[in-house]
Amino acid sequence: MSSMGTFTQISQPLYRLFISGADNCTMRCDLHVHSIASGMFNVPGLDRICRESYTGPAEVYERLKRMGMSVVTLTDHDSIDGAEGLRRHPDFFLSEEVTVRMPSGTEMHMGVYDITERDHVEIQRRRSDFVALLMYLTERKLFFSANHVFSGLTGRREEEDFHWFESYIPAFETRNGQMWPEANESAARLATRLGKIAIAGSDSHTIAGVGHTFTEVPGARTVEEFFAGLRTGHGRIHGVHGSCGKLTADVFSIVRSLFMDKPWTLALSPLAVLVPAFTAGHWVNEIRFCRKWTATIERGGKRKRMLWDLDSNFETNWAS
């Protein structure tokens, strides 16, 4: 990391002086997108035959560039395998979506961005120990976010988890292209109240949604400057929210890809008529989850002090 990047990460005046006024360019990036490297579907019965995504990394890259993204990343689940063929592109950087076990025993998805292969190894080694992972990310000055904060995709949630998010996670995903609009809006309100950095991404597992939701930083010209702008509050979120219809179309797309990948699964094709019922049930559960935790957080009082309370403004820790 250059000395210019270090200064602009921790100082808004320096960012405005050296970056945002440099020219009239704007950088865009879909900060949450999946490829075939995201592994197998985690629903019992399908976890041995169906993938989370069937989209090739090169196809994702080409689509993102056609959608106007200035820089490109993949955030596959606990994997950087999809990046192998994209490293030759100067506008590509390495990221991943990490499945993290919280101190309460629940799980959450954390986006970690602009990493190295060594970072990936250490992140995976520590992802079952939230505190150890936080210490590593902070030491390495990596940018990371809590993804789909008001979604039940990773299972149950405890109120204690939100205290951890408040104390130690610098960024919240406040627009996810697969989430119920009210869930995104709840995340945005919480991020504003807590002074968190807001980011956006499509969370697309099929090619159709790639690049339709993204994060923008005016004045940035490099990946380093893009994240400097985010850290100093210059990021902007754009794009579409999710819907039940969109989710249903994506699941049908994945089912079609499954049939093409494993022709013997065509014997299961009559079950495809159940897809709308499955996605509708999932959507209703997402709404319930969001409403429950939005109400809990908004009526909650002052949070309890955590064990090793740092300043929740991540820039302060980086400046020391």
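Analyst: Two strands pair if DSSP finds at least two bridges between them. The model is predicted. Strands β4 and β5 (residues 171-176) meet that rule, pairing in the parallel sense over 2 bridges.

User: Which residue of β5 is the bridge partner of Ala146, and what is the handedness of the crossover from β4 to β5?
Analyst: The bridge partner of Ala146 in β5 is Phe172. Between β4 and β5 the chain passes through helix α6 (residues 159-168), giving a β-α-β crossover. The handedness of this crossover is right-handed.

User: Are the residues of strand β4 (residues 143-146) buried or exposed?
Analyst: Phe143 and Ser145 point one way from β4, while Phe144 and Ala146 point the other way. Buried means under 20% relative accessible area. On both sides of β4, the residues are all buried.

User: In which sense do β3 and β4 pair, and which residue stands opposite Phe143?
Analyst: Strand β3 (residues 107-113) is joined to β4 by 4 bridges, and the sense is antiparallel. The residue opposite Phe143 of β4 is Tyr113.

User: What is the strand order of the open sheet of 5 strands, and which strands stand at its edges?
Analyst: The pairing in this open sheet is mixed, and the order is β2-β3-β4-β5-β6. Neighbouring strands are turned by 40° against each other on average, direction ignored. Two strands have a single partner each, so one side of each is left without a neighbour in the sheet. Those edge strands are β2 and β6 (197-201).

User: How many bridges join β2 to β3, and which residue in β3 is the partner of Val100?
Analyst: β2 and β3 run antiparallel and are joined by 7 bridges. Within this pairing, the bridge partner of Val100 in β3 is Met108.

User: Which strands does helix α5 touch, and what angle does its direction make with β3?
Analyst: Helix α5 (residues 130-139) packs on the sheet and touches β2, β3 and β4. The direction of α5 makes an angle with that of β3 of about 10°.

User: What is the order of the open sheet of 3 strands, and by how much are its neighbouring strands turned?
Analyst: The order is β1-β7-β8, with antiparallel pairing. β1 and β8 (236-239) are the edge strands, each pairing on one side only. On average, and with direction ignored, neighbouring strands of this sheet are turned against each other by 30°.

User: Which residues make up the covered face of strand β1, and which residue of β7 is the bridge partner of Met27?
Analyst: In β1 (residues 26-29), Thr26 and Arg28 form the uncovered face, and the covered one consists of Met27 and Cys29. β1 pairs with strand β7 (residues 213-218) in the antiparallel sense over 4 bridges. Thr26 stands opposite Pro218 in β7, and the bridge partner of Met27 is Val217.

User: At what angle does helix α8 run to β7?
Analyst: Helix α8 (residues 223-231) lies across β1 and β7. The angle of α8 to β7 is about 90°.

User: How many residues apart are the partners of the Arg87 and Glu117 pair?
Analyst: The side chains of Arg87 and Glu117 meet in a salt bridge, 2.8 Å from N to O. Arg87 is in the loop between α3 (57-66) and β2 (95-101), and Glu117 is in helix α4 (residues 117-126), so the pair links distant parts of the chain. Arg87 counts as partly exposed because its relative accessibility is 37%, and Glu117 is also partly exposed, at 45%.

User: Is Glu122 buried or exposed, and which residues share its salt-bridge network?
Analyst: Glu122 forms a salt bridge with Arg126, the closest N and O atoms being 3.3 Å apart. Both lie in helix α4, 4 residues apart, about one turn of the helix. Salt bridges with shared partners join Glu122 into one network with Arg118, Arg125 and Arg126. Arg126 is partly exposed at 22%, whereas Glu122, at 7% relative accessibility, is buried.

User: How many salt bridges does the count come to?
Analyst: Another of these is the pair Arg101 and Glu107, at 3.2 Å from N to O. Arg101 is partly exposed at 35%, and Glu107 is partly exposed at 28%. The count of salt bridges comes to 16.

How values were computed
Residues numbered from 1 in each chain as written. Predicted model: local features only at pLDDT ≥ 70, side-chain atom pairs only at ≥ 80, totals over all residues. Heavy atoms only, no water. Buried < 20%, exposed > 50% of the residue type's maximum accessible area, 1.4 Å probe, protein only. Right-handed = clockwise from strand over helix to strand, strands pointing away. Salt bridge = Lys/Arg side-chain N within 4 Å of Asp/Glu carboxyl O. Axes fitted to C-alpha atoms, helices over the stretch in contact; angles between N-to-C directions. Contact = heavy atoms within 4.5 Å.
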